[in-house]
Amino acid sequence: MGKRSGSKRKDKNKVILPPELPPEIDDDEVDLSDEDIAFYATDSSNVAPFRRFDKKSIDRYVGRVAGRDEGEVERLYEERQKRKATESSGKPREDDDGLEVDPVDALPTKTLQGELVYNRAKKARSEDNTGGVKSKAQENGADAKQSIKKDEPKGKSKNKKGDDNKVKNIQSQTEVPKGQLHSNVLEEVKEELSAEELFEKKKAQLAELGMAMLEDPESNIRSLNDMLSISNDKDQKVAKLGLMSLLAVFKDIIPSYRIRQLTEKELAVEVSKEVKKTRYYEYTLIRCYKAYLQKLVSLEKQPHFYTVAVRCMCALLDTAPHFNFRENLLASVVKNLSSSDDVVRKMCCEAIRSLFINEGKHRGEATIEAVRLIADHVKLNDCQLHPDSIDVFLSLRFDEDIGKDETEEEKVKPKKNKRWQKNQEVPKQLPVNDKKKTRQELISKAREEVDVDLRAVSFTLDPKERKRIQKETLSALFETYFRILKHSVTTSNSRTKVNNVSPGGSHPLLTPCLEGLGKFSHLIDVDFMGELISCLKKLSGYSDRQDEIPNDNALSVSERLQCCIVAVKVWRSNLEALNVDLQDFFVQLYNLILEYRPDRDHGEVLADALKTLLWEGKQQDMLRAAAFIKRLATLALSFGSAEAIAALVTLKHLLQKNSKCRNMLENDSGGGSLSCLVAKYNPEATDPYLSGALASVLWELSLLEKHYDISVSSMASNILSMANLNPTQNPVPILNVNPLEAYRDLSMERELLKPTSKALPLNLKKRRRGKEFVALSPDVLQKADCSVDKDELEEKLQSHFAVLRGISENERLRAELNHTLSSVNMYKDYKKQKKKNMKFKTGRKKVARV
Amino acid sequence: MRPLDEKETTQVFEKLFKFTGPNLKHLLERPAVEGPDAEPGRYCLRLNRNRVYYASEALVRRATAVSRPRLAGVGTPIGKFTHHGAFHLTVHALDLLAAHARRRVWLKPDTERSFLFGNSVPKSSLARITENTKVGDGVVVMSMADVPLGFGIAARSAQDCRKADTNAVVVLHQADAGEYLRKEEELM
């Protein structure tokens, strides 16, 4: 910006000053200083404004000056200036070269004295750009003549006003010292030429450069430099635009191959013109790309450019993961994966995801790098990152067939190799005799070469390489996962005392980590299994001492449920052959069902747990199944319809599989001979085997039959009908879905139904509920829970307990009163009776006497 | 009939602990269901003629009325002390263990008979096993229909089972329900 405004100012100086010029001086008589000539000769941008002057009007002004007051002159000049500005914005290319200046060079322009210094630097710079080969010796101004020669034809060809230029040169020279007089004028002019116009101008310039680049990148590759310099602009808007347009250009012109450094040998060899041209093109491209990346990385630290820089990097990573400097791009994108800025984080995640999904673009190499970088990142930050940074792993894809292919191929390969060796050895023994063999050899050699070339060109890797890549990716992935697990285990043990309120607050990465483990469970090595399972068991809160099960874990219920799910999944996908009973996890689930709260925990996780552990599980033994049936019935009764339907679906499934448990549907408790040692149902038992659920009756189902939700009530009655069937028979299925689906369906329905249920008239609702509603509708529960804030709650509780206390006090007093009253009464009675007795006695005595 | 002394108690508890783990507490603290009393109290262990009985306090109180030579038994026998002073669990304890055990092994239906004849459980007849079984743990052997068949000691952990040979012994036989027929006179 500085240089720009500087140059503007100069222009204005020159424009405004003509009136004071001594008109007598002739062109020939004026002696030009070398510097001036050099400046005007070489730099078309400085000359350009003058070329456009019409001689007439200048002459007019020059002639008129004496009679006119300065204000009038100024006004006219300003008008003209404006016009010119709009004109020049249409032709940005012309004075673009003049802008090609380092910020360092631009600095001196701020003082009027420094103008010459600035011009020189500018000149040298622009010549560098235009000439490409020219030495910097021109700075000295010694070769001014040469530059004049060079300039004149240019000027003539453009608007044939070379003479005019000279005149103006002279004028400008004399103007300089008088500039100060017009400083106030300058200010006004500057304001007039508002920032908006400048901005428009630069925008147009950028657009033009970009279009030119896209039209013919090979010949216009140099304008990348110009664009880069524009993005250096002080104006943030312009700089941002520059960055974005550069991004667009790079996106288009980056080739589909990686540009490598030329070896010395290659440099030494003479090459044709075309090759030279391509080399130059590639070299420039790489240089600019590097500069651009450096700029992005440096800008990333500035808050204004943060988003833009990250967006550019993400887009580049997305389009050109194969290109040079991918590592740097990846590093900074991965670093921003856990940024606190939502937008940035989302962009980075998307970029990494697309990197994982479109492996064809970069042959999977970038995938390893990214996974490794994330692993390091996690390690460095001690697992305290945003969950999104691990979430991206979920879009990784692993080809399971690779292993098989490879083994098959290995079996085939040795044979081939032997044949090769034979082919190669035999000719050596009979080199001359067998022409056929040599020919064959030649053919085979040629074929081999072709194969190698083909492999190098095509993007598909051979299976071996792919397997290696996949292996490394997997190991980095699981390293990350295990690190997170270990970290959560150790910290959860140390943090048990600190009761953290926010669930998942201390282990932000655990949830996505568990998800990932569940997804890639089939790829885990069996040797890790034991440790992994024990880790998960610890995390799920299971401990051998059963008294300690609750409150011993800082993890939330959903996370613990997820641990159970993952453990079962891992085990199931790996050791399907050996049917192992994960009893501890079932016990854990049994206890977690009680701890579930609909608002705090994710119902979906619970439904998923029910599905994986109970619904999909092959065989449950009877006692455990009975315990789960009973507990699920309790769950169905106490929570919303979505949870209820999930529980009921599972319950039904369990009842179908364990026909012996069906006597829980009968109306007599005790369980008969089946209820083993525990004769009485203990609803709070932590061990399903000791709950004695077989001795209980599923009375919950008959209540659930009256549930307000039709699907729940029909399900309950369907289950109840099982009691009348043979053990082998199963009732007609009404809902053939797993618990998770059922849960999703109903919760969706609930969301949809919300407004309508609110629209119901209140009294109707009340009456209905009073009549037949068994459970409170979830809306009411939610409302009741959400609307209360802490203070209000405290106040209410206080008043409530005050009332309670008052009541109990009252009762106590009343009891005392009653007591005293009764004792008084008794005393009265006693006295009365005493009197009577006395009377009686006296009477008797009297009688006796009588 | 007398309560166990300290040494005997530790011996019995150690054996039981192998099977029940921390559930041992439940075994001893659960409310009794035997006996005519309204409040039968808890269960306790009593020794009579080298046999250990698991009986409710109500029963024990009544049994004191019977003279020692005439008392054949009280409550459920769970094991016996050998002449060397070692304690062995007998098949009578099966129900008790089955309810409280932490590790179980399920047998394939057609191999149940072999186990009931007193053989150990090879890997081939294993249908299911509790996950974290370790070598030396007591396991209860069940049929696929969840009927307890007997119990034994795990010779391999659940992890090792996967790699083991098909004929490798997984559970060492200790007692099975077939003993009720085979050793009828020994049992009483």
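Me: How many residues of chain A are in contact with residues of chain B, and how many of chain B with chain A?

Reply: In this predicted model, 29 residues of chain A touch 27 residues of chain B. They count as in contact because heavy atoms lie within 4.5 Å.

Me: How do you know what area chain A and chain B bury between them?

Reply: The size of an interface is often given as the accessible area lost when the parts come together. For chain A and chain B that comes to about 2,500 Å², with 50% of it on carbon and sulfur atoms. The figure is summed over both parts.

Me: What makes up the side of chain A that touches chain B?

Reply: At least two residues each come from α26 (526–539), β1 (580–581) and α28 (583–595) of chain A. The largest share, five residues, belongs to α26(A). Sorted by class, that side of chain A holds 15 nonpolar, six polar and eight charged residues.

Me: Why are β1(A) and β8(B) called paired strands?

Reply: The threshold is at least two bridges between the strands. β1(A) and β8 (residues 126–130) of chain B are joined by two bridges, so they meet it. The two strands run parallel, and A:Val580 stands opposite B:Ile129.

Me: What is the bridge partner of B:Val105 in β8(B)?

Reply: B:Ile129 is the partner of B:Val105, and B:Ile129 also stands opposite A:Val580. Three bridges join β6 (residues 104–107) of chain B to β8(B), and here the strands run antiparallel.

Me: What makes β1(A) an edge strand?

Reply: β1 of chain A pairs on one side only, as does β7 (121–122) of chain B. The open sheet has seven strands in the order β1(A)-β8(B)-β6(B)-β9(B)-β10(B)-β11(B)-β7(B), and its pairing is mixed.

Me: And how many helices and strands does chain A have as a whole?

Reply: Chain A contains 37 helices and one strand. Of its 850 residues, 43% count as buried, so that share falls under 20% relative accessible area.

Technical notes
Residues are numbered from 1 along each chain as its sequence is written. Chains are lettered from A and ligands numbered from 1 in the order in which they are written. This is a predicted model: local features need pLDDT of at least 70, side-chain atom pairs count only at pLDDT 80 or more; totals for chains, interfaces and linings use all residues. Side-chain values use heavy atoms; hydrogens and water are left out. Buried area is the accessible area (1.4 Å probe) that two parts lose on being put together, summed over both. Helices (H or I, at least four residues) and strands (E, at least two) are DSSP runs, numbered from the N terminus. Ala, Val, Leu, Ile, Met, Phe, Trp, Tyr, Cys and Pro count as nonpolar, Asp, Glu, Lys and Arg as charged, and the others, Gly among them, as polar. Buried means under 20% relative accessible area, exposed over 50%, partly exposed in between (1.4 Å probe, protein chains only).
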